[in-house]
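Good morning. Please have the sequence and the model open while I talk. I will take one chain, then the other, and then a few single residues.

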Amino acid sequence: VTAETIHGEVVPLVVLVGHGLDWAIEAQNVLNAQSAAEWSGSPPIDVAALWGARWERGSNATRVVVVSTQQGACAFFSARLAFRNVGRGEILPLPPFVARGSRGRLIRGVVFDESEPTTFVLNPDAFMDNPKHALSDSLQGTIG
Amino acid sequence: MNDFLRRLSLRAKLLGLGTLLWAVVAAFVMLYVPRRIELLTRDLTEQRLTSTANVIAAAAASPLEVDGASGIEAVLNGLTTTPDVAFAAVWRLDGSIAAGYHADHLTSTGPKANGESSLVVRDDHIRVDYPIKGPRGALGVVTLGIGLEPLRGQLRASMTTLATGLVLMLFAVLLMTHFIGSAFIYPLQRMIDVSSRVAEGELSFANGAEEAALVDGSDELGRMAAALKRMLTSLRELSAATGRVAQGDLTGRLTIKGPVADAFNAMVEGQRAILQQISETSIQLAGATTQIYSAAQEQQATATEQSAGVDEASQTMQGLLESAAHIAESARGVLANAERTKETTDGMAKRFAELSGHTNRIAELLDVIREIADRSDLLALNASLEATRAGEAGRSFALVAGEMRRLAERVTASVQDVKVLVTDVRAFGSSTLMATEEARRLAESTTESARQITLVTQQQRTATEQVSQGMREITAALTQSVSAATQIRTSTEALKTQADRLADILSMFRVDESGRGRAH
C-alpha cells in the first residue's frame with residue numbers, strides 16, 4: 001500500500017511560500033518561473049496581499065510564476081518558490097459556504113500536513129474570471 | 001746736672017749754696033770795687049788837680065800881668081807841701097815858662113793859650129793845662145801834674161784788705177751753713193725715717209717714741225711734724241677702714257676730714273650701691289639665665305624637631321624629584337608610544353580604507369554570485385517544471401533539478417549570510433575607522449598631553465629642585481640654628497654658673513649695720 005494508493009495520484013505543486021501559510025499552484029499549469037526583477041509583463045497577482053498575509057522571508061530573488069489558464073496566462077508573485085508532491089486526495093475542498101465567497105472561489109482546495117504549513121491550492125481560472133479583482137491588490141503584500 | 005744735684009744731700013746743697021753766694025760776692029768785690037775805687041780816686045784827683053790849677057792860675061794872674069816871676073815862684077813853692085804833685089809850671093803866652101816846680105819832668109813845649117783847660121792822663125801821671133786869664137784877656141797857662149804811683153799803692157792796700165775780708169767771710173759762710181744745715185737736717189732726718197717706715201707700710205710703732213720725737217717746736221718743721229703725725233693717724237684709720245672693706249664690711253665710715261676721707265667714704269658708698277645693684281642684677285641675671293636656659297633648651301628641641309621635619313621634607317622633596325624624573329621618563333615613553341600609536345592608527349586607517357575597498361569588491365562579487373545563484377535557481381526551477389511536465393520520465397531529472405535548486409538556494413542563502421557579514425564588516429570597518437580616527441585624535445591628544453606633561457614635569461622638576469635647594473638651605477640654617485642653640489645653652493649654663501658664683505661672692509659682703517644686709 002503506497003501513498004498513492006491511499007491519497008490517489010501524486011499531484012506536484014509549485015508552492016508560493018508565505019509566512020505560516022502557503023499557496024500552491026499545480027505544477028502542470030505552470031508555464032515557467034521568471035525573476036521578478038526581470039519581469040516586464042502585467043503586474044503579477046500577490047495572493048499574500050489578497051489574503052492579508054505576509055510572504056516568507058527569503059532571498060531577494062523574488063519570482064513571478066507564469067500560469068496557463070483557460071483564458072490565457074496569468075502571473076503570480078512570490079518571494080520564494082518550492083516544489084511539493086501531494087496526493088490528489090490530500091487536496092481537501094473548502095466548505096461550501098466558504099467556497100461560495102468571492103475569495104473562496106479562488107481556492108480549489110486546502111492541504112493539511114503536520115510537517116508543513118497549511119497550503120491553499122489556487123484555482124488560476126477563477127482569477128482569470130475576475131481579473132480586475134485578482135489584479136486590484138496585486139503586489140501590495142509585504143514580504144515578512 | 002739735675003741728677004747730680006738731686007743726689008747731693010741737703011747739707012751739701014747748703015754748703016754749695018753758701019759757697020756759691022760767697023763766690024759771687026767775692027767776684028763782685030774783687031772785680032768791681034777796685035775799679036770803682038780807682039775811678040773815684042782818679043775823679044777826686046782830677047777835681048783836686050783842676051781846683052789846684054785854678055787856684056794857681058788865679059794866684060799867678062797878677063804876677064803875669066806885671067810880669068813878675070817872683071810872685072809866681074812863691075805860689076809854686078807852696079806846692080811843696082803837697083807831696084803828690086809831681087810837677088808844675090806857669091807858661092807865658094809866648095810859650096816860655098814863667099815859673100816851675102820840678103819842671104824838668106815837662107817833656108813838651110808849652111800849651112796853647114786858647115782859653116780852654118785840658119786834662120791828659122798818662123801811664124804814670126795826670127796832667128792839666130789851665131788857662132790864666134786877666135782883665136785884658138789870656139795871660140798864660142798853668143800846667144800841673146800829679147803822679148799816679150801813690151794812688152796805685154793805696155789801691156793795692158785796699159785790695160789786700162778786701163781779700164782778707166773775703167777769706168774771713170768764706171769761713172763764716174761755711175760755719176753758718178754747717179750750723180744752719182744741722183738745725184734743719186736733724187728733724188728732717190727723723191721725719192724721713194718715720195716717712196720711710198710709713199712708706200714701707202708700717203703704721204704702728206712700738207712705743208710711740210718716734211711720734212713723740214716728731215713733735216718738736218712750733219716752727220715750720222714742727223708744723224710739718226704735726227702734719228705728719230695727723231697723716232699717720234689718718235692713714236691708720238684709713239688702713240683700718242680699708243681692712244674692714246677688704247673683709248667685706250662696707251658699713252663703716254671714716255671720721256677724719258678731708259678729700260681723701262670724703263673720697264674713701266664716697267668710694268665705700270659707691271661700692272655699697274654698686275654691690276646692691278650687682279646683687280639685684282645677679283638675682284635678675286640668675287632668673288634671666290634660667291629663663292634663657294629653658295628657652296635655649298626649647299629652641300634647641302624645636303630646632304632639632306624642625307631640622308628633622310625639614311630633613312623629612314627634604315627627603316620627600318628628593319622623592320618628588322625622583323618621581324618627577326620618573327614621570328618625565330614615563331611621559332617621554334608615553335609621548336613615544338603615543339606617536340607610535342598615531343603612526344599605527346594612521347596605518348590602520350589606511351588599512352581600513354583598503355579593507356573598505358575590498359569589502360566593496362566582495363559585495364560586488366557577492367551580487368554577481370547571488371545573481372548567478374538566482375539564475376541557477378531559476379533555471380533549476382524551470383527545469384523542475386519541465387521535468388514535472390515530462391511525467392515519470394522527468395522524475396530523475398526533477399530530482400536533479402530540485403537538488404540544483406537547493407544548492408542554488410544554499411548559495412543564495414550563503415551569499416545573503418556573506419552579505420550580512422560583509423555589511424557587518426563594513427559597519428565594523430566604519431566603526432573601526434571612526435574608532436581609529438578617534439584613536440588617532442586620542443593619540444594626537446595624548447601626544448600633546450604627553451608634551452604638556454613633559455613640559456609641566458620639567459617645570460615641576462625645576463621647581464622641585466629649587467624647593468629642594470631651598471630645603472637644603474633651610475636645613476643648613478636649621479643646623480646652624482641647632483648649633484647656635486647648643487652654644488646658647490652651653491653659654492647659658494656657664495652664665496648660670498658665673499651668676500651662682502657671683503651670688504656666693506656677694507654673700508661675703510655686709511652692707512648694713514644689722515648684719516642682715518648681706519648683699520645676697
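The accessible surface of chain A comes to about 7100 Å², and 51% of that surface belongs to carbon and sulfur atoms. Such areas come from the Shrake-Rupley method with a 1.4 Å probe, and for residues only the protein chains shown count as cover. Before I go on, note that this is a predicted model, where local features need pLDDT of at least 70, side-chain atom pairs count only at pLDDT 80 or more, and totals for chains, interfaces and linings use all residues. Residues are numbered from 1 along each chain as its sequence is written, chains are lettered from A and ligands numbered from 1 in the order in which they are written, and side-chain values use heavy atoms, with hydrogens and water left out.

Chain A has 144 residues, and 44% of them are buried. Buried means under 20% relative accessible area, exposed means over 50%, and partly exposed is in between, with a 1.4 Å probe and protein chains only. Chain A contains five helices and 10 strands. Helices here are DSSP runs of H or I with at least four residues, strands are runs of E with at least two, and both are numbered from the N terminus. Take the contacts in chain A between residues at least 6 apart in sequence: 66% of them join residues at least 24 apart. A contact means heavy atoms within 4.5 Å.

Now one strand of chain A. Why is strand β2(A), residues 21-26, described as largely enclosed by the rest of the structure? Because five of its six residues are buried. Strand β1(A), residues 10-16, pairs with β2(A) in the antiparallel sense over four bridges. Two strands pair if DSSP finds at least two bridges between them. V15(A) has A24(A) in β2(A) as its bridge partner. The hairpin of β1(A) and β2(A) has four residues between the strands, and G20(A) there takes a positive phi near 80°. β2(A) also pairs with strand β9(A), residues 116-122, in the parallel sense, again over four bridges. There, D22(A) has T119(A) as its bridge partner.

On to chain B and its sheet. In what order do the five strands of the open sheet lie? The order is β2-β1-β5-β4-β3, with antiparallel pairing. β2(B), residues 97-101, and β3(B), residues 118-121, are the edge strands, each pairing on one side only. On average, neighbouring strands are turned by 15° against each other, direction ignored. Angles run from 0 to 180 degrees between N-to-C directions, and axes are lines fitted to C-alpha atoms, for helices over the stretch in contact. Helix α2(B), residues 10-66, packs on the sheet and touches β1, β2, β3, β4 and β5 of chain B. The direction of α2(B) makes about 35° with that of β4(B).

The bridge partners in β4(B) include I126(B) for V121(B) and V128(B) for L119(B).

Next, two helices of chain B. α6(B), residues 220-246, and α7(B), residues 259-390, pack at an angle of about 10°, with their axes 12 Å apart. That angle makes α6(B) roughly parallel to α7(B). The cut-offs are under 35 degrees for roughly parallel, over 145 for roughly antiparallel and 65 to 115 for roughly perpendicular, with the rest oblique. On the α6(B) side the contact is made by L238(B), A241(B), T242(B) and V245(B), and on the α7(B) side by V260(B), F264(B), V268(B) and Q271(B). These residues divide into six nonpolar, two polar and no charged. Ala, Val, Leu, Ile, Met, Phe, Trp, Tyr, Cys and Pro count as nonpolar, Asp, Glu, Lys and Arg as charged, and the others, Gly among them, as polar.

Last, two residues of α7(B). S384(B) lies in this helix and counts as buried because its relative accessibility is 3%. Leaving aside neighbours within four places in sequence, S384(B) is in contact with F83(A), A398(B), A401(B), G402(B) and R405(B). T388(B) is also in α7(B), and its 17% relative accessibility is why T388(B) counts as buried. With neighbours within four places again left aside, T388(B) is in contact with P12(A), A27(A) and F83(A).
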